[in-house]
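Have the model open as you read.

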Amino acid sequence: MRILGVSGSLRRESLNTRLLAAVRSLAPAGMTIDVFDGLGDLPLYNGDLDSREGVPAPVDRWRDAVREVDGLIIVTPEYNSSIPGVVKNAIDWVSRPVVDAALHGKSVVTMVATPGRGLGRNVLTDLGRVLHDCHAHVISGPWVVLTEAQNKLVDVENELGRFVPTISDPTALRLATVQLTALAAAIDAGAGEHAVAPLRAYFAAGRNS
């Protein structure tokens, strides 16, 4: 089971990038989590660039990465009480073409890390709505909303002698584990196919009419 992890922050020392690194070690048996690091290379979505003759190379790379995996983990900050532009732009690219978008039918876990105490839930609510409208299956809460994340992500030496980010908060650690287990179960059950089935039926009926 292949999962693609994406950080919604371009900042080098991002708390969300650290949280994504921390959850990779929590993957259940049979799941591997790779990280996509090219969101900053994507141009702003422009229908003129999205043509049958080809799209920009970073878009091809992003679409192929999403299409080839079984599910996604999006770990994103909250900007101005909603989705960062870089994340929305990335979703826009993989939600097209509407007939056969790379995002269709994918199961997705969403998480947020924030340095504050009262932030995070708005972005997950908005992100879930957008992903749902793009015919993806979003794992429901309880969500991982890691507040005061700078105090809850610590570097711990692993078995290879490398220091890796680790979630020190027991509740957040348990929630992250539950979310990844639920993601695996959703993929095994074909939950993503249910999310895109009405759209595919609509287009199939149009072709047959």
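## Helix α1

The buried residues of α1 are Leu-15, Asn-16, Arg-18, Leu-19, Leu-20, Ala-22 and Val-23. Buried here means under 20% relative accessible area, exposed means over 50%, and partly exposed is in between (1.4 Å probe, protein chains only). That makes seven of the ten residues in this helix (15-24), so α1 is largely enclosed by the rest of the structure.

Helices (H or I, at least four residues) and strands (E, at least two) are DSSP runs, numbered from the N terminus.

## Where the numbers come from

This is a predicted model, where local features need pLDDT of at least 70, side-chain atom pairs count only at pLDDT 80 or more, and totals for chains, interfaces and linings use all residues. Residues are numbered from 1 along each chain as its sequence is written, and side-chain values use heavy atoms, with hydrogens and water left out.

## Aromatic pairs

Rings of Phe, Tyr and Trp (its six-membered ring) pair if their centres lie within 6.5 Å; planes under 30 degrees apart are stacked, over 60 edge-to-face, and the rest tilted. That rule gives three aromatic pairs. One of them is edge-to-face: Tyr-45 and Trp-93, with centres 4.6 Å apart and planes at 65°. Tyr-45 sits in the loop between β2 (32-36) and α2 (57-67) and Trp-93 in helix α3 (residues 85-94), so the pair ties together parts 48 residues apart in sequence. Tyr-45 is partly exposed at 31% relative accessible area, while Trp-93 is buried at 0%.

Tyr-202 and Phe-203 also pair edge-to-face, at 5.4 Å centre to centre and 65° between the planes. Tyr-202 is exposed at 60%; Phe-203 is partly exposed at 23%.
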